[in-house]
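Please keep the sequence and the model in view as we go.

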Amino acid sequence: MGKVCIIGAGSSGIAACQVLHARGIEFDCFEKGSGVGGNWRYENDNGMSSAYRSLFINTSRQMMAYATYPMPEDYPDYPHHTQIARYFDDYVDHFGFRGHIRFNTEVSAVVPEEGGRWRVTLAEGETNLYDAIMVANGHHWNPKWPEPPFPGQDRFAGVQIHAHHYREPDERFTDKNVLVLGIGNSASDIAVETSRVSTMTYLAMRRGAHVLPKYIAGTPTDQLGPKFLSHLPLGVTRALFMRELKHVQGPMENYGLPKPDHKLGEAHPTISADLLARIGHGRITPKPNIARIGPDRVHFTDGTSTEIDTIVWCTGYRITFPFLEPEVMEAAGNRVPLFRRVVHPDAPGLYFIGLVQPLGAIMPIAELQAEWVADLFEGSAALPEPDAMKQEIEREEAAMRKRYVASTRHTIQVDYYPYMRLLGKERKRREGVKVALPADAPSARVPVRAA
Ligand SMILES: Cc1cc2nc3c(=O)[nH]c(=O)nc-3n(C[C@H](O)[C@H](O)[C@H](O)COP(=O)(O)OP(=O)(O)OC[C@H]3O[C@@H](n4cnc5c(N)ncnc54)[C@H](O)[C@@H]3O)c2cc1C
Ligand SMILES: NC(=O)c1ccc[n+]([C@@H]2O[C@H](COP(=O)([O-])OP(=O)(O)OC[C@H]3O[C@@H](n4cnc5c(N)ncnc54)[C@H](OP(=O)(O)O)[C@@H]3O)[C@@H](O)[C@H]2O)c1
């Protein structure tokens, strides 16, 4: 059988490695950093991790673990990033594929060749041919600053950083007026943390959010929607959740937050055990969106203004593939038109793993995506014709646009259980286009030196 190239050894890349290793499919995995775990390696020497010192997961460990490798029983429900990074290291050693990962090795170009193969060029200059590519380069490492910038943003005399660069509440936050923009999970965590040292932390947002607690009735919130509930229409599960939330915390307006302009489940969830309490303690002051910025003062859309020393832009991330030509995949506006969020309909042999934003955790999804792709490699599953894939992509994207708040953060959303069932169905598709790896192709394994 031919050979596969996996780009990245974060939690998605190692899931792909594990699956191919177990099936005896040949592969090389290239990892820019010196270890596995991607985002979960604090201060990762790949320079791409967005983890801060105090980061804890917000999807419970039971939901986040790979199906093939549970997290240790003595881990808490929401472990610290150090425990998560250790889990990924243990996973690699348990299944014994570390030797297939080439560390400190960046993939700089991936180009389709005549005959269906892909030429992979490494930053150090070496090139190799592969029969298929599994892209697992992550989608939370390239910071997206406000676009367009706010009027006056370039003349602000204080400190400005993006959440990607935030590590701990250092002297830039201590005894300062801090402004955090956004109401995603970065904004919520960073506002809570800086509020412990700042004079005041202001939390500005252009729309409200349904902030979810980490527990409801003593159960991790993401375990309250068990499998059978996911068969019910969204409206029914939403009503059940809203009833619980009404008892636990009541409406957002009671905390001075704006009333969300959307229903629960129409935006990526913001999960925090602390945010509402910190507002209640008077340490975080909610604000509407920024109108303009002066050298030392920020003006908000409600006409109020306040002196600010430090701004943290928690405005999300850009999906990018620096090693792919734009004509292969551009991801303009974070749009990645892929069949079932994995298969490029016009570039046979190019697959994307973990490129989803689930209501649930990414890791078990990446694992099942890899199982499906391995089925395709082995010829036990088939794909629809490219035109049929494109139609389905259009249909799914239209449904996503209809359901979710219009935002570049909602371009790769999936619901955990329905999406997993869909992948299960794809694994059983026998009729259609077979894209199995070619039988033994020795030339694929001969490294070609760059001219
Ligand atoms: C602060 C924060 C908290 C989060 N919390 C959660 C959570 O609680 N639960 C959850 O499910 N998700 C969470 N996420 C989402 C996060 O994307 C996933 O947890 C996870 O990191 C995705 O893994 P990945 O392997 O796809 O990407 P990454 O972890 O980003 O790993 C990508 C890997 O690819 C490598 N790479 C990239 N480009 C190249 C290249 N050209 N050549 C070679 N190697 C390359 C990188 O070095 C890196 O190791 C969080 C995200 C952030 C930013
Ligand atoms: N503890 C944890 O586990 C944890 C912590 C942090 C992050 N994460 C994860 O990391 C991922 C990224 O989260 P994130 O919070 O960094 O980004 P995000 O989810 O994309 O949120 C970005 C926020 O910024 C707002 N925004 C963007 N551009 C803006 C602009 N120009 N003006 C005003 N507001 C703007 C967005 O508003 P709109 O909705 O209106 O676009 C949204 O509120 C998510 O998957 C998240 O769950 C997890």
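Let me start with the largest cavity, which holds about 70 Å³ of space, where a cavity is a set of points, on a 1 Å grid over the protein atoms alone, at which a 1.4 Å probe fits but cannot get out, and where the volume is the space filled by probe spheres set on the points, joined across faces, edges and corners. This is a predicted model, in which local features need pLDDT of at least 70 and side-chain atom pairs count only at pLDDT 80 or more, while totals for chains, interfaces and linings use all residues. Residues are numbered from 1 along each chain as its sequence is written, chains are lettered from A and ligands numbered from 1 in the order in which they are written, and side-chain values use heavy atoms, with hydrogens and water left out.

A search of the whole structure finds 1 cavity of 30 Å³ or more. The lining, meaning residues with an atom within 4 Å of a point, includes Ala209, His210 and Leu212, together with residues such as His262, Lys263 and Thr270. It divides into 5 nonpolar, 5 polar and 2 charged residues, with Asp, Glu, Lys and Arg counted as charged, Ala, Val, Leu, Ile, Met, Phe, Trp, Tyr, Cys and Pro as nonpolar, and the others, Gly among them, as polar.

Turning to the strands (DSSP runs of E, at least two residues, just as helices are runs of H or I of at least four, numbered from the N terminus), 5 of them form an open parallel sheet in the order S9-S20-S10-S11-S16, two strands being paired if DSSP finds at least two bridges between them. Strands S9 (159-162) and S16 (284-287) stand at the edges with a single partner strand each, so one side of each is left without a neighbour in the sheet.

Within that sheet, 5 bridges join S10 (residues 177-181) to S11 (residues 200-204), and the bridge partner of Val180 in S11 is Leu203. Helix H4 (residues 185-194) packs on the sheet, touching S10, S11, S16 and S20, contact meaning heavy atoms within 4.5 Å.

Not counting residues up to four places away in sequence, Thr194 touches Tyr166, Phe173, Val178 and Thr201.

Conventions
Axes are lines fitted to C-alpha atoms, for helices over the stretch in contact, and angles run from 0 to 180 degrees between N-to-C directions. On a 1 Å grid over the protein atoms alone, a cavity is a set of points where a 1.4 Å probe fits but cannot get out, and a pocket is an open set with protein on both sides within 12 Å along at least five of seven lines; lining residues have an atom within 4 Å of a point.
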